Every structure is written in structure tokens, then in C-alpha cells.
Amino acid sequence: MKEKSAAGVAPLTRENAPLDRLYFVLDGNITIEKGRRRAFSDSKAFIGEDAFLLGRGAIATVTLEPGCPYFVWHVKSLQRLLQSNHALQAALNAVMNQKLAEKLALAAVTTDTLVLNQRRR
């Protein structure tokens with residue numbers, strides 16, 4: 001694990017691209033782009049957890065504002081560590097599940113709002 005700071009407006013992940021890192025954003029604003037849709041998120045969020053858990057590429061392009069601090073893990077190194085430390089694996093899974101549930105709840109609210117706005121037109 002290494003702590004870094006976003007040097008400029010450069011994506012951490014690119015939609016559908018292979019992803020060999022897992023990120024956790026400590027502070028700052030996060031921009032998430034998937035297809036033609038753009039969303040924004042606050043800090044204290046994992047980036048790439050779905051790719052980490054499912055072993056596939058990034059599902060979105062994610063960009064941080066300049067100066068945004070984050071942690072980064074190389075996936076293979078993290079997987080080796082988790083295989084040898086089951087307590088850490090359980091703790092990380094619990095935190096990721098909580099964060100994924102929060103993202104799903106937010107996505108549901110956003111989708112409901114979009115549907116309501118489209119019906120009003």
C-alpha cells in the first residue's frame with residue numbers, strides 16, 4: 001500500500017480497461033464517467049473494488065481533483081496478503097460490502113430521480 005496525491009486531472013481508471021490496482025480516496029472530489037453519464041462522489045470511497053472482487057476491467061472512468069490524497073494497492077500483492085491473513089480479508093470484505101451497498105443505494109436514488117424527471121417532460 002502506498003499513499004499518493006493526485007498530481008493533476010488524470011484518470012485513475014478508464015472504463016473497460018484492465019485494472020491491476022485498488023484505490024481508496026481519502027479526501028476530495030471524485031468524478032465518475034460511464035458511457036455518456038457523469039456522476040460525482042465524495043471522498044472515503046474505494047475505486048476499482050468491483051474489478052478487484054470480480055477480476056475484470058474497470059466499469060467506469062474515474063478522475064480525482066488535483067491534490068486529492070488516496071491509497072493504492074497492487075492487486076496481486078494485496079491478494080497474496082489477504083490469502084495469508086484471513087482476519088484482514090474479512091475486514092476488507094466487510095468494508096467493501098458496506099461501500100458497495102452505499103453506492104447501490106445512491107445509484108437507485110439517482111435512477112429514480114432520472115425516471116421521475118423524464119416522466120414529467
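Author: A nonpolar core is a set of buried Ala, Val, Leu, Ile, Met, Phe, Trp, Tyr and Cys residues joined through side-chain atoms within 4.5 Å. Buried means under 20% relative accessible area, exposed over 50%, and partly exposed in between, with a 1.4 Å probe and protein chains only. This is a predicted model, where local features need pLDDT of at least 70 and side-chain atom pairs count only at pLDDT 80 or more, while totals for chains, interfaces and linings use all residues. Residues are numbered from 1 along each chain as its sequence is written, and side-chain values use heavy atoms, with hydrogens and water left out.

Reader: Happy with that! What makes up the largest nonpolar core here?

Author: The largest nonpolar core has 15 residues, and those with the most contacts inside it are Tyr 23, Val 25, Ile 30, Ile 47, Leu 64 and Tyr 70. Strands E3 (21-25), E6 (45-47), E7 (61-64) and E8 (69-74) each give two or more residues to this core; strands (E, at least two residues) and helices (H or I, at least four) are DSSP runs numbered from the N terminus. A second, separate core of 10 residues includes Phe 46, Trp 73, Val 75 and Leu 92.

Reader: Which residues is Tyr 23 in contact with, beyond its neighbours in sequence?

Author: Setting aside residues within four places in sequence, Tyr 23 is in contact (heavy atoms within 4.5 Å) with Leu 12, Thr 13, Ala 45, Phe 46, Ile 47, Tyr 70, Phe 71, Val 72 and Trp 73.

Reader: Why are Tyr 23 and Tyr 70 called an aromatic pair, and what is its geometry?

Author: Rings of Phe, Tyr and Trp (its six-membered ring) pair if their centres lie within 6.5 Å, and planes under 30 degrees apart count as stacked, over 60 as edge-to-face and the rest as tilted. Tyr 23 and Tyr 70 lie 5.8 Å centre to centre with 65° between the planes, so they form a pair that is edge-to-face. The pair links distant parts of the chain, with Tyr 23 in strand E3 and Tyr 70 in strand E8, 47 residues apart. Both Tyr 23 and Tyr 70 are buried.

Reader: How do you know what kind of pair Phe 24 and Phe 46 form?

Author: Their values are 4.9 Å centre to centre and 65° between the planes, which makes this aromatic pair edge-to-face. Phe 24 lies in strand E3 and Phe 46 in strand E6, so the pair ties together parts that are 22 residues apart in sequence. With 16% relative accessibility, Phe 24 counts as buried, and Phe 46 is buried at 4%. The structure holds three aromatic pairs, these two among them.

Reader: Is Glu 49 buried or exposed?

Author: Its relative accessibility is 1%, so Glu 49 counts as buried. Glu 49 sits in helix H1 (residues 49-54) and touches Leu 22, Met 96, Leu 100 and Lys 103, not counting residues up to four places away in sequence.

Reader: What makes Lys 34 and Glu 15 a salt bridge?

Author: A salt bridge is a side-chain nitrogen of Lys or Arg within 4 Å of a carboxyl oxygen of Asp or Glu. The closest N and O atoms of Lys 34 and Glu 15 are 3.8 Å apart, so the pair qualifies. Lys 34 lies in strand E4 (residues 30-34) and Glu 15 in the loop between E2 and E3, so the pair ties together parts 19 residues apart in sequence. Lys 34 is partly exposed at 45% relative accessible area, and Glu 15 is partly exposed at 27%.

Reader: How exposed is Arg 38?

Author: Arg 38 has a relative accessible area of 53%, so Arg 38 is exposed. Arg 38 forms a salt bridge with Glu 33, the closest N and O atoms being 3.1 Å apart, and Glu 33 counts as partly exposed at 26%.
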